[in-house]
Amino acid sequence: MKKNYLKTLLMVFVISLFTSSLFPQGVYVSVNAGYGINMSSHNLEYFGFYNYTSGNTSRTYEQVYVSLGKGLNFGGTFGLMFNKNLGAELGVSYLLGGKSIAKDEYVGGTTDYTISSKMLRLMPSIVIASGLEGINPYAKFGLIISSGSIIFDLEDKDSGDISIMKVKFDGGLALGLNAGIGVQFNMSDNISLFSEINMISLSYAPTKGEVIEATYNGTDMLPDMTTRQKEAEFVDSYTYNSSSPPPDSQPDQELKQKLPFGSFGVNFGLKIGF
């Protein structure tokens with residue numbers, strides 16, 4: 001079903017590109033920026049991402065829920081209105097994700113964890129507008145085709161010793177859905193301002209991970225690490241044979257983890273018609 005929906009939507013855009021030469025008055029471009037907050041969240045116990053406090057006789061665990069889709073976004077759109085009520089557009093958006101933090105506190109030291117994301121999103125959408133002259137409400141819905149990266153930072157301070165590690169997760173594509181409602185304020189025949197509320201439903205499973213920084217008291221530890229210690233491949237299934245373990249010259253294998261990139265936010269922008 002999802003594949004058929006994708007083919008149909010892509011066909012609409014092929015037609016829109018063809019008909020833009022026949023109906024040039026319906027062509028427009030826009031730029032926008034906004035901020036999204038958590039719409040869905042998940043616990044990242046795989047990363048050890050939770051608050052932990054340890055005393056001499058007790059331990060406290062506190063769950064931390066993370067959404068990697070929150071943060072600042074900005075981008076642009078090429079669109080075509082077939083008539084005053086129906087159109088299609090192709091948007092490109094870049095997400096600069098906000099940081100989520102967790103902390104371990106134990107006798108003699110602390111460990112600080114930070115995780116954040118970046119994502120490039122291609123968003124083909126159908127636009128349905130009221131067609132009013134001055135203030136023009138509209139709605140839109142479509143797909144998201146995206147590729148991103150996740151940065152996981154760890155800094156451990158133990159009795160004066162400092163260990164720092166940074167891991168990057170990326171690779172693979174993610175498919176999701178986007179929807180929004182907004183209002184366009186027409187300033188002239190060709191220029192308008194708009195504001196919209198949008199919702200993104202998306203999860204992303206990286207296909208690879210790599211340690212890009214590892215230091216101990218300022219000394220670079222990467223040269224002493226094996227490929228298996230520095231790199232990982234995330235797969236749907238794998239088999240580990242203890243009698244014939246994989247060599248250290250190959251990346252480690254782990255199961256894929258779907259991470260939440262959903263958001264609910266507000267965008268503001270400028271639209272220019274031709």
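Visitor: What is the mean pLDDT of the chain?

Guide: The model is a predicted one, and pLDDT is the predictor's confidence in each residue. Over residues 15-24 the pLDDT is below 50, and this stretch has nine contacts in the model beyond near neighbours in sequence. Of the residues of the chain, 88% reach 70 or more, and the mean pLDDT is 87.

Visitor: Is N178 buried or exposed?

Guide: N178 lies in strand β12, which spans residues 174-186. Buried means under 20% relative accessible area. The relative accessibility of N178 is 8%, so N178 counts as buried.

Visitor: Which backbone oxygen does the side chain of N178 reach?

Guide: Leaving aside neighbours within four places in sequence, the contacts of N178 include K140, F141, G142, L143 and I144, and also M199 and I200. At 2.9 Å, the side chain of N178 reaches the backbone oxygen of L143.

Visitor: Which residue in β15 stands opposite K166?

Guide: Strand β11 (residues 161-170) pairs with strand β15 (residues 208-216) in the antiparallel sense, over eight bridges. Within β15, the residue opposite K166 is E213.

Visitor: How many bridges join β15 to strand β17?

Guide: Strand β17 covers residues 231-235 and runs antiparallel to β15. K208 has E233 in β17 as its bridge partner. The number of bridges joining β15 to β17 is three.

Visitor: Which residue in the turn between β15 and β16 has a positive phi?

Guide: Strand β16 (residues 219-220) runs antiparallel to β15, joined by two bridges. Y216 has T219 in β16 as its bridge partner. The two strands form a hairpin with two residues between them, and the residue with a positive phi, of about 50 degrees, is N217.

Note on methods:
Residues numbered from 1 in each chain as written. Predicted model: local features only at pLDDT ≥ 70, side-chain atom pairs only at ≥ 80, totals over all residues. Heavy atoms only, no water. Helix = DSSP H or I, 4+ residues; strand = E, 2+ residues; numbered from the N terminus. Buried < 20%, exposed > 50% of the residue type's maximum accessible area, 1.4 Å probe, protein only. Polar contact = N/O pair within 3.5 Å; in protein donor to acceptor, adjacent residues only side chain to side chain. Contact = heavy atoms within 4.5 Å. pLDDT = per-residue confidence, 0-100. Pairing = 2+ DSSP bridges.
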